[in-house]
Amino acid sequence: MTVSIRVMTAGDGYRYLLNSVVTGDGDRDAASALTRYYLESGTPPGAWIGSGLVGLSGGVTAGATVTEEQLRQLMGYGQDPNNGEQLGRPYRTFATATERVERRLKKLSDSLTDEERATQTTLIEAEEAAKPTDAPVAGFDLTFSVPKSVSTLWAVADGGTQALITQAHHAAIHDVIALIERDVAMTRIGAKGPRGAVAQVEVQGVIATAYDHYDSRAADPQLHTHVVVANRVQAVHDGKWRTLDSRAIHAAVTGLSEHYNAVLSDHLTAMLGVGWEARERGVGRSTAWEIAGVPQALMDAFSSRTRDIEQVKDRLVAEHVVKHGRQPSPKLLWQFRQQATLETRPPKQHHSLSDLTAQWRERATELLGEDAPTWATTLLSRSAGEPLLRADDIPLGDLEQVAEVVVARVGDRRATWKRWNLHAEAVRQTMGLRFASATDRDHITHQIVDAAERVSLRLTPPELASSPPTFRRPDGSSRFRPKAATVFSSEQVLAAEDRLLDASNDRSAPTVPLMWIEQAARTKNRDGNVLSPDQERAIAKIGVSARTLDVLVGPAGTGNTTCWV
C-alpha cells in the first residue's frame, strides 16, 4: 500500500517527525523543498497544508514552515499553533496502570488478612499491567510513498528531473487531501448516540503538516512524505472545534491509496511523458504499476528492506507449513509480513540528499553498465507517453461495464462492501488510463462507483423517516447516517451463501465411529500433544453429524488447527 495510516497520540507523539529535520529559515516552497536542502544532513522542515488552516489565528498559511513550537501546541495539546488557544475540548487524560491499581486497592475490604490482601494485590497488579493504557489521539499520520520505479528514477536522474518528480508527488498529495476534505473528513455531534454522537456533519477542512523524506531505513531511495492530519476540525454549521470521525478515515485509506497512485501516474505522464506497465508482485500482493523501462533488477537492487522482509516472511511461512501442513491464509500472510517488517527494522540514519544521490548513481551505474543520469535522460527522451483523457472521452456504456467488473472483483474478496471498497477497485480497473487532470479522473471514478452501487445489492435498509432540510447534507443524505456507510453485497454472494447453508443441512455425508475419534484424540500428534476434552467433543460432533458441510468455530489460540493436524 502506498498510503499507510498511523495514529499519533497526544503529548510527545509528534517528536519523531522532528528527529531528522534540518534547521531552515523562510517559507518552504513545495516544488523545490528537497533541492533547497540538498546539501544538508537531514530532511526539510514540515509545511502546512489543508483548507482548515483558515480557521486558525493569523500567521499559518499553506506552504509555510512548521516550527517545533507550533507542532507542539497543535499535536501535543490540541491548541492553536500560533496563540495557544484551546481548539475544542482539551485532550482527555487516562489513568496509568499504577493509578488503576491504587484505585482498586482502596476498594478492598478492611476485613482481609495480610495474606489475603497480598494475594489480591498481586492479582490486581498483574491484571492492570496486562491492560493497555489508553492515550488521546492527536492526529493521523498518512504516509505517501511513491512506487519503487518512481523512487528509482528520481534517485539517479538529474536535478531538474528530480524536482519535477517531487513536484508531481506533492501535487498528487494535494489531490488526495482535497478528496479527503470533500468525502472523508467529518465530525460527530450529539451526546446520546453511539460513541457519543448522533449526527455526522461537514467540516471546514483539515489542518495538516507535511514532512518529506528521501530514503528507507536501509538508505535505499524511497521518496515519501508524512502528512499528519490534526485531530481537530471546525464544524461548518456552528464553527466549533471538534475531533475527526476516525472511523471514516480508516474506512477510506485503501481507496485513498489507490487514488494517490493513479493521480501521481497522471501527473508524471503529463510532466515527463513516461509510460506505465503492470507488474505482478507474487502471491498475496496486489499488482503494481511501474514506469515502463525502469529495469526490475535496478528496482530490486534499491529494495534492500523489501528483500530482508521477504526473507523473514518466507521463513515464517516455511515454519507454518512444517507445523501445520498447509500454506497460511492471506490474513496470516499479512501478519507474517508485518512481523518481518518489525524484526528487520534497522535504526534510522541521517544523510544529505547530495550524499545519497551520489551513492545511488554509483550503484546504478555499476548495475546498468552505463552512466545512471545519462540512462535516465535517455529513458525520458524515448518515452512515447500516453494520451491524456478527459472525462467525456469515455462512453457511458464502457463505464457501466467497468462497474460490473468492479462488483465482481470486490465480491471475490468480500462478502459485503461499502463505497470506499468500490472506489479502490474502480481506480485499480482504470489504472491503465491516463487522465489530463485529477478532476477528470475523479469524475470518471465517481461515475463508476455510482454505477457499481446500482449493480450491487443494498443490505442497509432505507431511511424510514425523512430528515428535515437542516439535518441534510448538500447531497441530500441525512446527517444521521454516516457518509459512505451503506453496506452492499450481490446476488452471487448470497447465492453462494445459500449453497453453503444447503450443504450444512444435507446429512448424507459419511460418519466416523466414535471409537475411532476417541482413539485419535488420545494419540499424540507431530508436536507430541493430545486433544483436550473440548477439542475431542468438537470433532466428535462433526464426525457423527453426517453433514456435507460442518463448521468448527473457536477463538484464536484455542487449538482450532490442532483438531485437524
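The model is a predicted one.

**Helix H13**
- Helix H13 runs over residues 396-413, and its 18 residues should span 26 Å at 1.5 Å a residue; the end C-alpha atoms are 26 Å apart, which agrees.
- Leu399, Ala403, Val406, Val407 and Val410 are the buried residues of H13.
- These residues cover an arc of only 95° around the axis, so they lie on the same side of H13.
- An α-helix has 3.6 residues a turn, so residues three or four places apart point the same way.
- The packing partners of the buried H13 residues are helix H14 (419-429) and helix H15 (438-455).

**Nonpolar cores**
- The largest nonpolar core comprises 60 residues, and Ile180, Val227, Tyr260 and Leu268 have the most contacts inside it.
- Helix H7 (residues 246-272) contributes the most to this core, namely 9 residues.
- Beyond its neighbours within four places in sequence, Tyr260 is in contact with Thr2, Val3, Phe144, Ser145, Val146, His169, Ala172, Ile173 and Val176.
- A second, separate core has 19 residues, including Leu53, Val60, Val66 and Tyr211.

**Cavities**
- There are 2 cavities of 30 Å³ or more in the structure.
- The second largest cavity has a volume of about 40 Å³.
- Its lining is formed by Phe140, Leu142, Ile180, Val184, Val229 and Ile249.

Methods:
Residues are numbered from 1 along each chain as its sequence is written. This is a predicted model: local features need pLDDT of at least 70, side-chain atom pairs count only at pLDDT 80 or more; totals for chains, interfaces and linings use all residues. Side-chain values use heavy atoms; hydrogens and water are left out. Helices (H or I, at least four residues) and strands (E, at least two) are DSSP runs, numbered from the N terminus. The expected span of a helix is 1.5 Å times one less than its number of residues. Buried means under 20% relative accessible area, exposed over 50%, partly exposed in between (1.4 Å probe, protein chains only). The arc is that of the directions from the helix axis to the C-beta atoms. Contact means heavy atoms within 4.5 Å. A nonpolar core is a set of buried Ala, Val, Leu, Ile, Met, Phe, Trp, Tyr and Cys residues joined through side-chain atoms within 4.5 Å. On a 1 Å grid over the protein atoms alone, a cavity is a set of points where a 1.4 Å probe fits but cannot get out, and a pocket is an open set with protein on both sides within 12 Å along at least five of seven lines; lining residues have an atom within 4 Å of a point. Grid points are joined across faces, edges and corners, and a volume is the space filled by probe spheres set on the points.
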